[in-house]
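Please read them beside the sequence and the coordinates.

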Amino acid sequence: MPRKIIIDTDPGVDDTMAIFFALCSPELELIGLTTIFGNVPTELATKNALRLLEIAGRPDIPVAHGADDPLTRPFEGPVPFVHGADGQGEIFLPDPAGAAIDLSAAHFIIEQLRANPGKITLVPVGPLTNIALALRLEPRITDWVDEVVLMGGNALAPGNASPAGEANIRNDPEAADLVFAADWQVTMVGLDVTLRVHMRPEHIADYATHGNPLSDHITRILPHYRNYFEANYDAEGIFVHDSSAIAYLIDPGLFKARRWPMRVGTQGLGRGKTWPATGGHILPAWEGRPLVNVCVGVEGERLVELAAERLRGA
Ligand code: BDR
Ligand code: CA
């Protein structure tokens with residue numbers, strides 16, 4: 001039986017790759033996309049989610065529109081210099097034919113978890129606002145979920161949105177702190193591992209040879225994203241963020257993880273920093289916090305090949 005997943009997403013170039021990777025993986029059954037601000041505003045995230053499902057020939061999968069702003073402050077704005085003004089590498093796709101469902105992202109998550117207790121894994125690959133809102137509206141979702149596997153955070157590595165914080169967490173640190181405080185199993189696939197998953201130019205070139213609509217779309221949207229990485233990191237190609245969470249679901253054996261209680265910095269220069277209590281002595285701020293399964297090591301080359309294999313067979 002494939003694992004049912006809901007991907008909460010801000011598509012986004014790497015979100016697109018992750019969604020397509022999941023759709024091509026028989027171990028996973030994507031039962032819905034919920035959308036969030038981050039790489040783009042939520043309205044555009046919803047349009048992109050619909051567009052991507054149409055490209056993939058899966059317009060039957062529901063899309064639920066999520067929060068437009070973080071829990072306690074306005075959204076700071078998209079990152080066109082990373083993902084393009086359209087969130088899709090500036091290829092400017094036509095409007096989608098379909099529309100989002102009438103339920104909000106948080107309500108959709110609650111309804112699905114209630115109807116399928118123990119069966120659904122939440123896979124947030126954007127800021128955690130929708131997940132925190134769902135927790136607030138219905139705290140029993142912690143009993144109903146299978147687990148939460150998220151892309152975000154930096155336990156031991158530096159940030160990418162600031163020296164301290166990773167982009168998804170920094171976009172709503174209050175929401176992230178609620179998610180790490182809740183009584184459910186959270187796996188954090190953060191920069192500690194994703195910056196070691198390197199898709200080199202030859203990997204990127206290979207996607208152009210697959211000859212299917214999913215890989216063709218990835219090939220079209222990657223150049224803008226790649227330019228950003230090559231201008232800002234000392235490497236050719238890109239690092240693979242959101243698809244790493246999908247790979248964890250398929251093969252957790254690719255990762256090495258440690259279990260630590262987690263807090264999130266919400267103020268000042270440390271805003272958005274995920275702070276694991278790595279020492280033996282637990283300070284009061286971390287007391288009573290559940291242990292988060294934090295990925296700290298990865299077989300990056302195998303992960304890149306796994307994603308390519310799946311897309312090749314699309
Ligand atoms: C995360 O931030 C977004 O830009 C990416 O889509 C990814 O989810 C990486 O920090
Ligand atoms: Ca994302």
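**Notes on the predicted model**

1. Phe92 is exposed, because its relative accessible area is 53%, where exposed means over 50% relative accessible area, buried under 20% and partly exposed in between, with a 1.4 Å probe and protein chains only. Phe92 lies in the loop between H3 and H4, and it has a positive phi of about 50° although it is not a glycine. Most residues other than glycine have a negative phi, and most peptide bonds are trans.

2. On the basis of these notes: this is a predicted model, in which local features need pLDDT of at least 70, side-chain atom pairs count only at pLDDT 80 or more, and totals for chains, interfaces and linings use all residues. Residues are numbered from 1 along each chain as its sequence is written, chains are lettered from A and ligands numbered from 1 in the order in which they are written, and side-chain values use heavy atoms, with hydrogens and water left out.

3. Glu90 lies in the loop between helix H3 (80–83) and helix H4 (105–115), and has a positive phi of about 60° although it is not a glycine. With a relative accessibility of 35%, Glu90 counts as partly exposed.

4. The C-alpha atoms fill a box of roughly 55 × 45 × 40 Å, taken along the principal axes.

5. Of the 314 residues, 59% count as buried. Among contacts between residues at least 6 apart in sequence, 82% join residues at least 24 apart, where contact means heavy atoms within 4.5 Å.

6. Helix H2 (residues 42–55) has 14 residues and reaches 20 Å from its first C-alpha to its last, close to the 20 Å expected at 1.5 Å a residue, the expected span being 1.5 Å times one less than the number of residues. Its buried residues include Thr42, Asn48, Arg51 and Leu53, and what covers the buried residues of H2 includes strand S1 (3–9), helix H1 (13–23), strand S2 (28–35), strand S3 (63–64) and helix H11 (213–232). Just after H2, Gly57 takes a positive phi of about 70°.

7. Gly12 lies in the loop between S1 and H1.

8. Is Met199 buried or exposed? Met199 is buried, with a relative accessible area of 2%, and lies in strand S7 (residues 198–199). Leaving aside neighbours within four places in sequence, Met199 is in contact with residues including Met17, Tyr207, Leu222, Ile238 and Val304. The C-alpha atoms of Met199 and Val79, 120 residues apart along the chain, are separated by 21 Å.

9. Helix H13 (residues 300–312) has 13 residues and reaches 18 Å from its first C-alpha to its last, close to the 18 Å expected at 1.5 Å a residue. Among the buried residues of H13 are Gly300, Val304, Ala308, Arg310 and Leu311.

Technical notes: Helices (H or I, at least four residues) and strands (E, at least two) are DSSP runs, numbered from the N terminus.
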